[in-house]
Amino acid sequence: MEKVISGIRPTGNLHLGNYFGAVKSFVQMQNEYDCMFFIADWHSLTTHPTPENIRRSVRTILAEYLACGIDPEKAPIYVQSDVKPVLELYLFLNMNAYLGELERVTSFKEKARTQPDNVNAGLLTYPTLMAADVLAHKADKVPVGKDQEQNMEMMRLFARRFNRIYQVDFFREPQSFHFTKDAVKVPGLDGSGKMGKSNGNCIYLCDDEATIRKKVMKAVTDSGPTERNQTKPEVIQNLFTLLELVSTQDTYDYFNDQYNQMTIRYGDLKKQLAADINAFCAPIRERILDFQNNEDYLLRIAQQGAERATESAEKTLREVRSIIGFRS
Ligand code: TRP
């Protein structure tokens, strides 16, 4: 079975955009591939989080991904910093990664521009650590968004270069897994096309009912249709797209007809949308709370994941050391 691996950057709580955009696909992938997921806490050090920050975000991500349906029996989920052989591979790869090519990576240039006081070496070598994450398990596929394409190219370059330098056919070149065909772009509540771009337009999976209602009722609308059967402007289409995701077909059709007949009352639509979003989120939210209140369980899952990932990475590293000329 093909091996799939993906790193999750700790960037706060999951929202509906993350869920329909990626997490739902991950949950499906675990049935079709040999998957592993990990929390990229080493990578997060490039922005200097506090220790408490790191501890909290690791717990949160674990609880939220498990609540969404990642099944650790099918797909181990681990914390990057628990799997030490990856660091050794990071060191080896860095010896054949060149300053010029690392400096040319767009996300590095972007960070160097936006945080000029913190252009650290970890930021520069972000692509080698990411390559080590994947090559350590000789994974075939990596589900990532478009923004990661350049990192994926660097990963393939490092794999090829290693093979060439040592005259081996050892690393395969991991391919980007474009799962976006099932992924849905979830619109924001502020009229923007995408949930998560800015604050105040997101519904988090852990939001309680009152919060969901408040956010949905404040969603941007217009002054109503001016013609029958007119094309919906973006802000209105956004609400209908959300209905499509969480409501029944009947509900969708009902409000769509009302819109086409120009009898729609946005307040009613929003009330229904809020109720349906809440019905969708409630079971996930309950599981998030359960997991968060069961730290022993989270710890056990992370430990089991770390054991499996360490075993897999250590196997690769034994061979890598020997190829390079080191003893294991
Ligand atoms: N760079 C990825 C992101 O920003 C996170 C990541 C780190 C990752 N290591 C990885 C993703 C390895 C896939 C494979 O989203």
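Rings of Phe, Tyr and Trp (its six-membered ring) pair if their centres lie within 6.5 Å. Ring pairs of this kind link F162, Y166, F170 and F171 into a cluster. The model is predicted. Its chain has 328 residues, and 50% of them are buried. The secondary structure comes to 14 helices and 5 strands.

**Overall build**

- Along the principal axes, the C-alpha atoms fill a box of roughly 75 × 45 × 40 Å.
- Take the contacts in the chain with a separation of 6 or more: residues 24 or more positions apart account for 78% of them.
- The chain exposes about 16600 Å². Carbon and sulfur atoms supply 48% of that area.

**Aromatic pairs**

- The count comes to 15 aromatic pairs.
- F92 and F326 form one that is stacked, with 5.9 Å centre to centre and 20° between the planes. Planes under 30 degrees apart count as stacked, so 20° qualifies.
- What does the pair of F92 and F326 tie together? F92 lies in helix α4 (residues 85–95), and F326 lies in the segment after α14 (295–324), so the pair ties together parts that are 234 residues apart in sequence.
- F92 is buried, with a relative accessible area of 10%. F326 is partly exposed, at 48% relative accessibility.
- F162 and Y166 form a tilted pair, with 4.9 Å centre to centre and 50° between the planes.
- F162 is buried, at a relative accessible area of 4%. Y166 is partly exposed, at 26%.
- Both F162 and Y166 belong to the cluster that also holds F170 and F171.

**Charges over rings**

- K141 lies over the face of F177, at 5.7 Å from the ring centre.
- The charged end of K232 sits over the ring of F240. The distance from the ring centre is 4.5 Å.

- K138 is a residue other than glycine, yet its phi is positive, near 45°. K138 is placed in the loop between α8 (126–135) and β4 (141–143).
- Q167 is not a glycine either, and its phi is positive at about 55°. The loop between α9 (149–165) and β5 (175–177) holds Q167.
- Is Q167 buried or exposed? Q167 counts as exposed, at 71% relative accessibility. The cut-off for exposed is over 50%, so 71% passes.

- H43 lies in helix α2 (residues 41–44).
- H43 is buried, with a relative accessible area of 5%.
- Which residues does H43 contact, leaving aside its neighbours within four places in sequence? They are Q80, Y126, L129, M130 and D133.
- H43 and Q80 are 37 residues apart in sequence. In space they are 8.7 Å apart, C-alpha to C-alpha.

Notes:
Residues numbered from 1 in each chain as written. Predicted model: local features only at pLDDT ≥ 70, side-chain atom pairs only at ≥ 80, totals over all residues. Heavy atoms only, no water. Helix = DSSP H or I, 4+ residues; strand = E, 2+ residues; numbered from the N terminus. Buried < 20%, exposed > 50% of the residue type's maximum accessible area, 1.4 Å probe, protein only. Contact = heavy atoms within 4.5 Å. Areas by Shrake-Rupley, 256 points an atom, 1.4 Å probe, with all protein chains shown as cover. Phe/Tyr/Trp six-rings, centres within 6.5 Å; stacked < 30°, edge-to-face > 60°. Lys NZ or Arg CZ within 6 Å of the ring centre and 35° of its normal.
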